[in-house]
Amino acid sequence: MKVSSFSTMIILLTIFSIFFTQPIQCHSPMPDLIEDVCQKTPHYHLCLVTLKSNLYAHHLKSHEDISGFVRIILQVVAARAPVVLEQIQDIYKQTDHTQLKIALDNCITTYSKITKEIIPQALQCNEKSDNVGVKEKVTMAESLAESCEQKCKGTTSSGVSPLGDSSEFVQNMCSIAASIASMPQSKKST
């Protein structure tokens, strides 16, 4: 049985969150907020595991909770998208399938744009508290990743993408970021 990299990452994030974040969570009201926020996203469990496993590494202040959550999700996408790009490039080098090469070439362009332009721009929008800009950028990244995935699926007789769950993970994380960016922001306390 082959375990995909996406499944492996979810398992590792879950284990990390169970063993390393549970004792810390008792001292902060943030986990309740995380659960409330994640329940309003399209991928509750992925959101929950991602935010809980990254929360304390990012030292969020209570007044930046929502924008901080968006930043965490965007940073995960910023770290993952280049890995997907490398995976696409490796598959491209290893295949002789003409239609797949065309689809992968498009995906290389797509993921280069996601990695070098769109997600950095979304992070800049988040820094400026421009939630509309964040949502616009991550929705664009999600759409491009989905298009890549569909083109790759269309080249195989099984209809399964050679990218496995990698591109789907990026799509789901972008969807979570867009959803959180759409939520009302808390007031900054002085």
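Contact here means heavy atoms within 4.5 Å. The structure is a predicted model, in which local features need pLDDT of at least 70, side-chain atom pairs count only at pLDDT 80 or more, and totals for chains, interfaces and linings use all residues. Residues are numbered from 1 along each chain as its sequence is written, and side-chain values use heavy atoms, without hydrogens and water.

**Serine 67**
- S67 lies in helix 4 (residues 65-94); helices are DSSP runs of H or I with at least four residues, numbered from the N terminus.
- Apart from its neighbours within four places in sequence, S67 is in contact with N126 and Q185.
- S67 is buried, with a relative accessible area of 18%; buried means under 20%, exposed over 50% and partly exposed in between (1.4 Å probe, protein chains only).
- A C-alpha separation of 9.7 Å is found between S67 and M183, which are 116 residues apart along the chain.

**Nonpolar core**
- A nonpolar core is a set of buried Ala, Val, Leu, Ile, Met, Phe, Trp, Tyr and Cys residues joined through side-chain atoms within 4.5 Å.
- The largest such core has 50 residues, of which L51, I88, Y111 and I180 touch the most other members.
- Helix 4 gives the most to this core, with 13 residues.
- Beyond its neighbours within four places in sequence, I88 is in contact with L104, C107, I108, Y111, C148 and L163.

**Serine 129**
- S129 occupies the loop between helix 5 (98-127) and helix 6 (131-153).
- S129 is exposed, with a relative accessible area of 54%.
- Although not a glycine, S129 has a positive phi of about 60 degrees.

Technical notes
Helix = DSSP H or I, 4+ residues; strand = E, 2+ residues; numbered from the N terminus.
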